[in-house]
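Dear colleague,

I am passing on the structure that we talked about, with my notes on its nonpolar cores and its salt bridges below. Please read the notes with the structure open beside you.

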Amino acid sequence: MEENKETTVGPATADAPTDPASAKASAGEPAPSNTQTLEEKLQAAKLAMEGPQYTAKREARERDAVVKAKHEQIDARLAEIAQGKEKLETEWIELDEKRAVIKQALAPLLEEEKKSEDAEAALEEQERASVVTPERQQIEQRRYETELTRRKIEEGKWGLENEITQLEKQIEANTTQYRTLLDEEENLHAELSVLAENQPAS
């Protein structure tokens, strides 16, 4: 009686890749993709040929160029802010000097107004105390004239006070604009500090 002999088949051995792309993939190198753009292919070629050392140097130069460009941009804006601040400072001086001149002109009017008010109040008191008709009429006439004088003084005072109000509104608007520039200037200096901290030592 014949025994059945089993034929043992060993594990199949995979054929070695024959195309270059598969060979590169087997060697651990990325296979080029047909979907890559020319720019991506050029970048891959650059990295492959320059090697890690030159890649690091090139990337450092590129980072330096970006930082330098950003630094120049910030410096240019800081120069513009400085000019804007100086313009507002000059305007503040001019407006403040105008305000001082008007206040100086206003001071004697305020004194005259106070004297007229006091005189008018005194005449009103005399008018109440007077019982003689002719004398009372004279007091009324003087009080009327004093009142007219006071009103003219008040009109002049109101005109000057209105001018001061307009100047102070302009000063307030300029101050708000100036502080906005200060905020931006502070933020830009903070950006420069960050750039300096992230910049490797030469």
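**Nonpolar cores**

The largest nonpolar core has nine residues, namely Leu95, Ile102, Leu106, Leu109, Ile153, Leu160, Ile164, Leu167 and Ile171, where a nonpolar core is a set of buried Ala, Val, Leu, Ile, Met, Phe, Trp, Tyr and Cys residues joined through side-chain atoms within 4.5 Å. Helices α2 and α3 each supply at least two residues of this core, and α3 gives the most, with five residues; helices here are DSSP runs (H or I, at least four residues), numbered from the N terminus. Another core, of eight residues, lies apart from the largest one, and Ile81, Leu88, Leu181 and Leu195 are among its members.

Before going further, please keep in mind that this is a predicted model, in which local features need pLDDT of at least 70 and side-chain atom pairs count only at pLDDT 80 or more, whereas totals for chains, interfaces and linings use all residues. Residues are numbered from 1 along each chain as its sequence is written, and side-chain values use heavy atoms, with hydrogens and water left out.

**Salt bridges**

Side chains of opposite charge can pair when their charged atoms come close. A search of the whole structure finds 14 salt bridges, each being a side-chain nitrogen of Lys or Arg within 4 Å of a carboxyl oxygen of Asp or Glu.

One of them joins Lys70 to Glu191, with 3.7 Å between the closest N and O atoms. Because Lys70 lies in helix α2 (residues 38-129) and Glu191 in helix α3 (residues 133-198), this pair ties together parts that are 121 residues apart in sequence. Lys70 is partly exposed at 32% relative accessibility, as is Glu191 at 34% (buried means under 20% relative accessible area, exposed over 50%, and partly exposed in between, with a 1.4 Å probe and protein chains only).

Two further salt bridges each lie within a single helix. In helix α3, Glu154 and Arg150 are four residues apart, about one helical turn, and their side chains meet at 2.9 Å, N to O; both residues are buried. In helix α2, Glu80 and Arg77 are three residues apart, again about one turn, and they too form a salt bridge at 2.9 Å, with Glu80 partly exposed at 46% and Arg77 partly exposed at 29%. Salt bridges that share partners join Arg77, Glu80 and Glu184 into one network.

With best wishes
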